[in-house]
Protein chains: 2
Amino acid sequence: MPRYKNYDENLVLEKAMNVFWEDGYKATSIRMLEKEMGINQFSIYASFKNKKELFIKAIQKYREHTAKNIYKDLLKPDAGLSELKTFLLKAADKKTAKFKYKGCLVVNTAAEIGIKDADINREVIMYYDSIYNMLRNILLNSIAKNEISSNINVEQYANFLLGVMQGISVASKTMNTKQLADFVSVAIAQIE
Amino acid sequence: MPRYKNYDENLVLEKAMNVFWEDGYKATSIRMLEKEMGINQFSIYASFKNKKELFIKAIQKYREHTAKNIYKDLLKPDAGLSELKTFLLKAADKKTAKFKYKGCLVVNTAAEIGIKDADINREVIMYYDSIYNMLRNILLNSIAKNEISSNINVEQYANFLLGVMQGISVASKTMNTKQLADFVSVAIAQIE
DNA sequence: TTTGTTACTAAGTAATTGCTTAGTAAACGG
DNA sequence: CCGTTTACTAAGCAATTACTTAGTAACAAA
């Protein structure tokens, strides 16, 4: 009986995610989203309720996106020191400049919204909680593989690496390539 | 002959700085500034040209502000490892929570604007250049005082510390106190 | 083909954005 | 007192904001 949607909610959400990633929450207008998502405002509100809910869904989508792409190798159950090193060096590399200037959507959100909105803040916390667990697992694997000393405090080092990763996201916008490489190489030296 | 301004430009700029620090560039409206600065819109435009110029002046003011307050001890010509450690531990401390949730105006700006506006980006770069020089000087002093090994690459470690400090600014919004303390203590362990 | 349900387009809402302008008040040399 | 210069207040500008609504089109069962 009913008429069917002629757009893919999952696909337009991914497009919305990219707009928010590029421009931030406040600076992204519904008109821009309308244009980039390729659907009418009415459809945006029909599918995602309002701008804030769309943004929250976009953060969740970003989590999926980074898990499938950026953190893919780090999320392998047996990922260890070599995967971590590869990741960090790549994050500081010139060739990833296109990514660099956008930074991390979640870091950008933390900086822009902070704790001013409880719902959005919850998503930020959840995101970094999953990154923390990922890092913790990598450290445990690295110890098991004898890649790093078993004397370290795993939780402490996981939090250190989490802080470094958040630092990299900002530093990718404020530092040049040499500075970024310096930052990352000293951070790596600390764990190995 | 002429009538004189009955507000202090330096004082209203400091108030503007605090509004931008709290809410960011885009989310701060001229009406809000009018209210917080305690002067009419006309006067804002007469003194600071437009919103963007006011924001840039606010960043410069922030540089003065942090130099006189937050970085006061670190900027002493002979500041060394002990000053640095005190600073980092304080940055991760619970008692500074009021500051914590605002983060750093410049990190917030880097996340929000990034390289999208060349004039604003220039201020961000300049700010962190001065922090870099401060950190480099501290490391040189620390070596001279035999507080740290003279084998380290000073520029490399200065960039590491710069990255850590940018990380702390974000982490103050995403981490709990324990996590922040972990992050900072491992970072300190790396230099001493 | 009719009917009921949902999805579309396009126009419009009030409120807010950054910024301007017209008119008046304050200062002080003459 | 006057005259000139600058600073103030308050109203108003067009453009944009997030969001809605009225009307129509598409679907599929009856």
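What is the relative accessible area of B:K52, and does that make the residue buried or partly exposed?

Tutor: This is a predicted model, in which local features need pLDDT of at least 70 and side-chain atom pairs count only at pLDDT 80 or more, while totals for chains, interfaces and linings use all residues. Residues are numbered from 1 along each chain as its sequence is written, chains are lettered from A and ligands numbered from 1 in the order in which they are written, and side-chain values use heavy atoms, with hydrogens and water left out.

B:K52 forms a salt bridge with B:D119, at 2.7 Å from N to O. B:K52 belongs to helix α4 (residues 51-68) of chain B and B:D119 to helix α8 of chain B, so the bridge ties together parts that are 67 residues apart in sequence. B:K52 has a relative accessible area of 22%, which makes it partly exposed. B:D119 is also partly exposed, at 30%. In chain A, salt bridges with shared partners join A:K52, A:D117, A:D119 and A:R122 into one network.

Some terms need their cut-offs. A salt bridge here is a side-chain nitrogen of Lys or Arg within 4 Å of a carboxyl oxygen of Asp or Glu. Buried stands for under 20% relative accessible area, exposed for over 50%, and partly exposed for what is in between (1.4 Å probe, protein chains only). Helices (H or I, at least four residues) and strands (E, at least two) are DSSP runs, numbered from the N terminus.

The salt-bridge rule gives 18 salt bridges over all chains. One of them joins B:K116 and A:D23, with N and O 3.7 Å apart. This pair crosses between chains: B:K116 is in the loop between α7 (105-112) and α8 (118-144) of chain B, and A:D23 is in helix α1 (residues 9-23) of chain A. B:K116 is partly exposed at 47%, and A:D23 is partly exposed at 23%. Within chain A, A:D73 pairs with A:K76 in a salt bridge of 3.4 Å between the closest N and O atoms. A:D73 has a relative accessible area of 40%, and A:K76 has 40%.

B:K49 sits in the loop between α3 (41-48) and α4 of chain B. Its phi is positive, near 75 degrees, and it is not glycine. Most residues other than glycine have a negative phi. B:K49 is exposed, at 60%.

Finally, the chain pair. In all, 41 residues of chain B contact 41 residues of chain A, contact meaning heavy atoms within 4.5 Å. The two chains bury about 3,400 Å² between them, 63% of it on carbon and sulfur atoms; buried area is the accessible area (1.4 Å probe) that two parts lose on being put together, summed over both. The rule finds two salt bridges across the interface of chain B and chain A. On the side of chain B that touches chain A, the elements giving two or more residues are α1 (9-23), α7, α8, α9 (154-174) and α10 (177-191) of chain B. Among these, α9(B) gives the most, with 14 residues.
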